[in-house]
Amino acid sequence: MSKLDNKIALVTGGTGGIGTAICQRLADDGAKIVTTSTNLEKAAKWQAKQNFDSTIIKCDVSNYDDCKSMKEQIEKELGVVDIVVNNAGITRDGSFRKMDTDKWSQVITTNLNSVFNISHQFVDGMTEKGYGRIVNISSINGQKGQFGQTNYSAAKAGVHGFTMALAQEVARKGVTVNTVSPGYIATEMVMAVPEEIRNKIIAQIPIGRLGEPEEIGALVAFLCSDEAGLITGANLAANGGQHMH
Ligand code: CAA
């Protein structure tokens with residue numbers, strides 16, 4: 001029997017760089033994978049390329065009602081969700097002087113409000129069952145700040161505040177809530193940073209390379225396992241030593 005057999009795992013934004021590796025690893029460990037996408041056509045192409053089964057549900061995580069309908073659909077088709085990985089996120093970088101209200105609110109709604117919108121649907125099911133795992137994907141830049149990311153750094157720091165508060169509320173019900181803060185990982189999001197700037201960032205990483213999405217998948221899978229029951233309210237950094245605190 002694998003570690004996560006019979007568990008239902010929802011990974012938001014599972015078709016992205018880190019999301020795919022999380023889905024893959026949770027599937028390898030035996031979980032049934034559900035993911036969200038705003039673009040079903042693109043998601044179906046993604047699904048066809050994976051070597052694990054998944055259910056994709058159209059859902060805009062920044063919209064509460066969409067998240068509510070998604071939860072109803074999952075419960076009807078599969079059952080009560082055991083694991084939630086709040087992974088969906090975007091960047092809209094720009095120095096603060098050039099940041100407009102659109103860039104600010106798109107990042108806050110997609111990266112922070114989504115964590116409320118999604119978690120709110122599933123916490124009752126988990127506490128009633130007496131078991132659950134919530135993993136929120138934050139970022140090194142929520143811990144240390146980053147030039148050009150006032151919006152993203154604020155949202156990602158907010159995510160860990162949410163983690164610590166909810167972890168206390170559900171601790172006695174067998175539900176753990178943790179944050180994973182990846183550093184710079186080799187995904188499209190990081191490759192979109194201009195090469196010259198990206199190379200300067202890589203030069204600041206003590207291990208001398210970008211992270212691999214699979215390295216984040218492995219950490220998330222550990223937090224989702226039964227063995228990680230002691231860990232809650234934590235913020236686990238996986239950044240090659242770029243930021244230590
Ligand atoms: N520190 C200090 N000054 C800096 C700086 C830095 N890190 N970067 C740029 N500057 C300076 C420039 O030298 C320039 O100075 P002068 O005006 O004196 O010449 C000035 O700031 C440029 O300011 P602008 O407002 O004109 O900025 P820009 O439009 O040229 O570019 C930017 C700003 C788009 C944010 C660009 O700096 C950038 O892409 N930075 C990288 C942001 C980043 O790391 N994003 C991460 C994306 S991946 C991700 O988010 C995943 C994850 O979780 C890690």
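A residue counts as near a molecule or strand if one of its heavy atoms lies within 4 Å of it. This is a predicted model, in which local features need pLDDT of at least 70, side-chain atom pairs count only at pLDDT 80 or more, and totals for chains, interfaces and linings use all residues. Residues are numbered from 1 along each chain as its sequence is written, and side-chain values use heavy atoms, with hydrogens and water left out.

**View 1. The surroundings of the ligand.** The ligand is surrounded by 20 residues. The closest are Asp93, Ser95, Ser139, Tyr152 and Tyr184. Polar contacts here are pairs of N or O atoms within 3.5 Å. In Ser95, a side-chain N or O atom is 2.4 Å from an oxygen atom of the ligand. For Gln149, a polar side-chain atom lies 2.9 Å from a ligand oxygen. For Arg97, the distance from a polar side-chain atom to a ligand oxygen is 3.3 Å.

**View 2. The open sheet.** Helices (H or I, at least four residues) and strands (E, at least two) are DSSP runs, numbered from the N terminus. Two strands pair if DSSP finds at least two bridges between them. Seven strands form an open sheet with parallel pairing, in the order E3-E2-E1-E4-E5-E6-E7. Strands E3 (54-58) and E7 (235-238) are the edges, and each pairs on one side only. On average, neighbouring strands are turned by 20 degrees against each other, direction ignored. Axes are lines fitted to C-alpha atoms, for helices over the stretch in contact, and angles run from 0 to 180 degrees between N-to-C directions.

View 3. Contact means heavy atoms within 4.5 Å. Strand E4 (residues 83-86) pairs with strand E5 (residues 132-137) in the parallel sense over four bridges. Ile83 has Arg133 in E5 as its bridge partner. Helix H3 (residues 64-77) packs on the sheet and touches strands E1 (8-11), E2 (32-37) and E3. The direction of H3 makes about 150 degrees with that of E3. Helix H9 (residues 213-224) also packs on the sheet, touching E4, E5, strand E6 (175-182) and E7. The direction of H9 makes about 165 degrees with that of E6.

**View 4. Strand E2 and its neighbours.** E2 pairs in the parallel sense with E1 over four bridges. Leu10 has Val34 in E2 as its bridge partner. From E1, the chain crosses through helix H1 (residues 17-28) to E2 in a right-handed β-α-β crossover. Right-handed means that, with the strands pointing away from the viewer, the path from the first strand over the helix to the second runs clockwise.

Definitions and conventions
A polar contact is a pair of N or O atoms within 3.5 Å; within protein, one must be able to donate a hydrogen and the other to accept it, and residues adjacent in sequence count only if both atoms are side-chain atoms.
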